[in-house]
Amino acid sequence: MTYRAPINDILLSLNHGAGLAAAVEAGHYGDFDGDITAAVLEEAGKFASDVLAPLNRVGDEHGIKLDNGKVTTAPGWPDAYQRWTAAGWNAVSGPEAFGGQGLPLAVNAACTEIWSASNVAFGLCPLLTLSAIEALDAHGSAELKKTYLEKLVTGEWTGTMQLTEPNAGSDVGALRTRAERADDGTYRLKGTKIFITYGEHDMTDNIVHFVLARLPDAPSGTKGISLFLVPKFLVNVDGSLGERNDIHASGVEHKLGMHASPTCTMTMGDKGGAIGYLIGEENQGMRCMFTMMNQARLGVGLEGVGIADRAYQQALAYAQERRQGKAIGHKSDGMDPIIVHPDVKRMLMQMRSMTAAARTICYATAVALDVSVRAKDAKVRADAAARGALLTPIAKAFSTDIGNEVAYLGVQVHGGMGFIEETGAAQHYRDARITSIYEGTNGIQSIDLVTRKLGANGGASVWALLDELAAVIKQVETSNDPAFGTTGTKLRDAHAALERTSRWLLERLASAPNEALAGATPYLRLFAATLGGCMLAGEALAAKANGEAEPQRYVALARFFAENIAVQAPSLEKTVTESAEAVTGADAVLAG
């Protein structure tokens, strides 16, 4: 089956759950006309359905090939990429001064979900280019921007992030790639990077690599890392391509999923060193790189949402068509579609509600990041930046966990046919697995949430968000709509659990940090379950108030999430606050 972008669901989530409409009305988006959002997303959905979705299975089956340092992508991919850039999709949120359309990141986030749902391996390439654009725009020199930024914004050239090395994965400070100063102000880089997504391909005539390396006199650890721009082909003064730089793909990985996305080993220095240009200042590379990584983490979260929605759509269609057994009380001849069975309904509702919650959390992160740079008032910008920082690890980790869980359920709904490659359910399951690993494992996201984001500004961002969620819960309780069932009660219980657990963790961070770290992952899940549940309830209220078509389906979705997912919050609280010793005291078990 093909993919159809759920435009109505996306717009409700974006405008009301994530707060885009309110931010536009408050003037934080300047002269942006929010009415064009629907038109942009409709066109994105058409491109995804007509061009990208048909190539998803092709890419999975054909994969990529490396021959003499050159990577050939799957049939149809270079042409699709050219159509993509010609339609302006790479430039949606790019700066207008360099060929972009200047639309909000939040709008591009919705597009990213659509690309990921239709063809996640394809969408991964422009996702990384977007991160490269952010880093270059924020930290690059005027000369580098003039040479490279417009090409990246339009998508004529693509970008990569090169952090990981054989002995330096999550511990970036252990990297060994060296950079030496040259007399002309450039640098010469030597070393090897692994797991480099789209490090080499045939879809564009140049690739702009952003590489972390260490200077000879640099301090140890992350304080001694610098960021360099290293083009595949050097660029002449007139903008034409010059000679090939000393960087090439020396290998490609054979992976569980994402077969159509080339994951390369990149080697620099076989011919004296790759020519690189400093981004920002020497030994300040991590600050520059985090500009890329935060953007990429949101993008990967949206990959999780996209895969989840694609898996749900396919499972729903299969459940409506596949006949097996009979509904209780069915006396006529023949079998019923499996969607009549309560357990299949449960799985489908779990898939859809978790996808919807993850979607809104990601969109809310994008809106916060938008407001942090677009709002006129300095305090509004600062508060939004803190909100975006708080939500980023939740968006990345929860949404990719959901991508994996929903893809798993998609296979289950298909039964035995889900285990067979021809249905496509298995591909979603395989493709989703990497999302909880790259751009910072989900465990690292949880640690970041607990150790850095929770206590920032004395926890002000967390308490402010909890106040907003409490207001939504009160609205649900006072709506007196019986269709909400026990949604208000369940969300209030979850909210109380989140508040208590947050305060407990803040205390333990100072007195018993290992106990706090032992509960980091269940805490992130507790946070996301509460946040997602309240956001879905807010969307349901908005759907009723704004006269959305069939508003009760959004109420039913919010109710299911509250009564089946958010209801887990008190148990997660106990896991965090009462089970730390089961983790910290596990050495005797793990030693054997």
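View A. Helices (H or I, at least four residues) and strands (E, at least two) are DSSP runs, numbered from the N terminus. Phi of Asn480 is near 55°, a positive value in a residue other than glycine. This is a predicted model: local features need pLDDT of at least 70, side-chain atom pairs count only at pLDDT 80 or more, and totals for chains, interfaces and linings use all residues. Residues are numbered from 1 along each chain as its sequence is written, and side-chain values use heavy atoms, with hydrogens and water left out.

View B. Phi of Met258 is near 50°, a positive value in a residue other than glycine.

**View C. The buried face of helix H17.** H17 spans residues 569–578. Its buried residues are Ala569, Leu572, Glu573 and Val576. Seen down the axis of H17, they fall within an arc of 105°, so they line one face of the helix (the arc is that of the directions from the helix axis to the C-beta atoms). Their cover includes helix H13 (487–511), helix H15 (520–545) and helix H18 (580–584).

**View D. Asp370 in helix H8.** Helix H8 covers residues 342–374. Asp370 counts as buried, at 4% relative accessibility. Neighbours within four places in sequence aside, Asp370 is in contact with Tyr29, Pro104, Leu105 and Ala106 (contact means heavy atoms within 4.5 Å).

**View E. Phe527 and the largest nonpolar core.** A nonpolar core is a set of buried Ala, Val, Leu, Ile, Met, Phe, Trp, Tyr and Cys residues joined through side-chain atoms within 4.5 Å. The largest has 137 residues. Ile114, Trp115, Tyr523 and Phe527 have the most contacts inside it. H15 gives the largest share of this core, 16 residues. Leaving aside neighbours within four places in sequence, Phe527 touches Leu390, Ile394, Leu449, Val462, Leu465 and Leu498. Apart from this core lies another, of 32 residues, among them Met161, Ala168, Leu212 and Met293.

Note on methods:
Buried < 20%, exposed > 50% of the residue type's maximum accessible area, 1.4 Å probe, protein only.
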